Amino acid sequence: MSLRPILILPDTRLRLTSAPVSGVDDDIRALLDDMLETMYDAPGIGLAAIQVGVAKRVIVVDVAKREGEEEEDVKEPIFLVNPEVVKASEELSVYEEGCLSIPEYYAEVERPERVRVRYLDRLGAMQEMDADGIMATCLQHEIDHLNGVLFIDHISRLKRERVIKKFEKEARRR
Ligand code: ZN
């Protein structure tokens, strides 16, 4: 396993549409392991492959460790290959979201409160998961990444333009 560098806004690769994975093989499992390590190191609760520059429909999430909790070894990683939302509730909920590709920026985003997600697991078996709360938000946020969509696309245009400008300025400084 190894850490991979995380792409930061305004890296244009974050806007790519990722390609479906044809089969879950050892290469995909190695990618999943690297992504999980990178996510824990950051630290974050979700990561999409495109955030480490790989345009494949692969995400990892772990919402077990909530902010402010001291338990270090509570780990419940979930690996999702080709994830798709197959059902979404009409009820919406609002969470303050952040993104490892947009560090230290947070904003409230409204999304369906509950979703059913279909995906292939680490062994390539088809699975379905019903999620609510932070897990529902996290899954929708990560699946958005696979379509080149960032959480700032869900906020007002004024706020979005302001944050993009800020990151463009920082990128020029780097
Ligand atoms: Zn993100």
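These questions and answers concern the zinc site, the cysteines and the ring contacts of a predicted model.

User: Which protein atoms are the donors of the zinc ion?
Analyst: The donors lie 2.1 to 2.3 Å from the zinc ion. Along the chain they follow the spacing C-x41-H-x3-H. The protein donors are Cys99 (SG), His141 (NE2) and His145 (NE2).

User: By what part of a helix are His141 and His145 separated, and in which helix?
Analyst: Both histidines are buried. His141 and His145 belong to helix α2, which covers residues 133-146. Because they are 4 residues apart in helix α2, their separation is about one helical turn.

User: Is Cys99 buried or exposed?
Analyst: Cys99 gives its SG atom to the zinc ion. A residue is buried under 20% relative accessible area. Cys99 has a relative accessible area of 11%, so Cys99 is buried.

User: How many disulfides does the structure hold?
Analyst: Cys138 is buried, at 5% relative accessibility. The closest cysteine sulfur to that of Cys138 is in Cys99, 10 Å away, which is too far for a bond. A disulfide needs the two sulfur atoms within 2.5 Å. Searching the whole structure gives a count of disulfides of 0.

User: Over which ring does the charged end of Lys75 sit, and over which does that of Arg122 sit?
Analyst: The charged end of Lys75 is 4.9 Å from the centre of its ring, that of Tyr40. For Arg122, the charged end lies 4.9 Å from the ring centre, and the ring is that of Phe79.

Methods
Residues are numbered from 1 along each chain as its sequence is written. This is a predicted model: local features need pLDDT of at least 70, side-chain atom pairs count only at pLDDT 80 or more; totals for chains, interfaces and linings use all residues. Side-chain values use heavy atoms; hydrogens and water are left out. Donors are N, O and S atoms within 2.8 Å of the metal (3.2 Å for Na, K and Ca); water is not among the atoms, so sites may look incomplete. Helices (H or I, at least four residues) and strands (E, at least two) are DSSP runs, numbered from the N terminus. Buried means under 20% relative accessible area, exposed over 50%, partly exposed in between (1.4 Å probe, protein chains only). A charge sits over a ring if NZ of Lys or CZ of Arg is within 6 Å of the ring centre and within 35 degrees of the ring normal.
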